[in-house]
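Dear colleague,

Please find below the structure that I am handing over to you. My findings follow directly after it.

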Amino acid sequence: MNIVLWVIAGLLAAAFLGAGGMKLSQSKEKLAASGMAWTEDFSAGAVKAIGAAELLGAIGLILPALLDIAPVLVPLAATGLALTMIGAVVVHLRRGETQAIAPSAVLFVLSAIVAWGRFGPYAF
């Protein structure tokens, strides 16, 4: 199970590094034009903050355990990312973006699995 949690954490980290990096490196208008219509409901600063949270969460999923420095940060990062994905699902539901709900829900479930495993029976 430890290997499964590492694989899930790695996949989540890759997904959130990409998503967070994109939100931090591109303008709100460019993100909206590329299919992220939800950005229209948020200020440019809020979009950057969401991107920073995703980026830090991705780093927090891997580095603390890899370096064996404060590995308790891994389940905390996973919990934070799960909460972020709950927010994403709510935003997509409110906007009627039904196709965007599934990826956010999958990322929520995977983040919750890592949080459960690392807080519980498979902690470092």
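Predicted model: local features only at pLDDT ≥ 70, side-chain atom pairs only at ≥ 80, totals over all residues.

The protein contains five helices and zero strands, which gives the pattern α-α-α-α-α along the sequence. Its radius of gyration is 15 Å, close to the 14 Å that the globule rule gives for 124 residues, so the protein is as compact as a globular protein of that length. Along the principal axes, the C-alpha atoms fill a box of roughly 40 × 25 × 15 Å. Of the contacts between residues at least 6 apart in sequence, 64% join residues at least 24 apart.

With regard to the interior, 33% of the 124 residues are buried. The largest nonpolar core has 16 residues, and those with the most contacts inside it are Leu 12, Phe 16, Leu 61, Ala 78 and Val 114. Helices H1 (2–25), H3 (44–67), H4 (73–95) and H5 (98–119) each give two or more residues to this core; H4 gives the most, with six residues. Beyond its neighbours within four places in sequence, Leu 61 is in contact with Ala 9, Leu 12, Ala 13, Val 74, Ala 77, Ala 78, Leu 81 and Val 114. There is also a second, separate core of five residues, among them Leu 31, Met 36, Trp 38 and Val 47.

As for the surface, the protein exposes about 6,500 Å², with carbon and sulfur atoms supplying 73% of that area.

Yours sincerely

Terms used:
Residues numbered from 1 in each chain as written. Heavy atoms only, no water. Helix = DSSP H or I, 4+ residues; strand = E, 2+ residues; numbered from the N terminus. Rg over C-alpha atoms; globule rule 2.2 N^0.38 Å. Buried < 20%, exposed > 50% of the residue type's maximum accessible area, 1.4 Å probe, protein only. Contact = heavy atoms within 4.5 Å. Areas by Shrake-Rupley, 256 points an atom, 1.4 Å probe, with all protein chains shown as cover. Core = buried A, V, L, I, M, F, W, Y, C linked by side-chain atoms within 4.5 Å.
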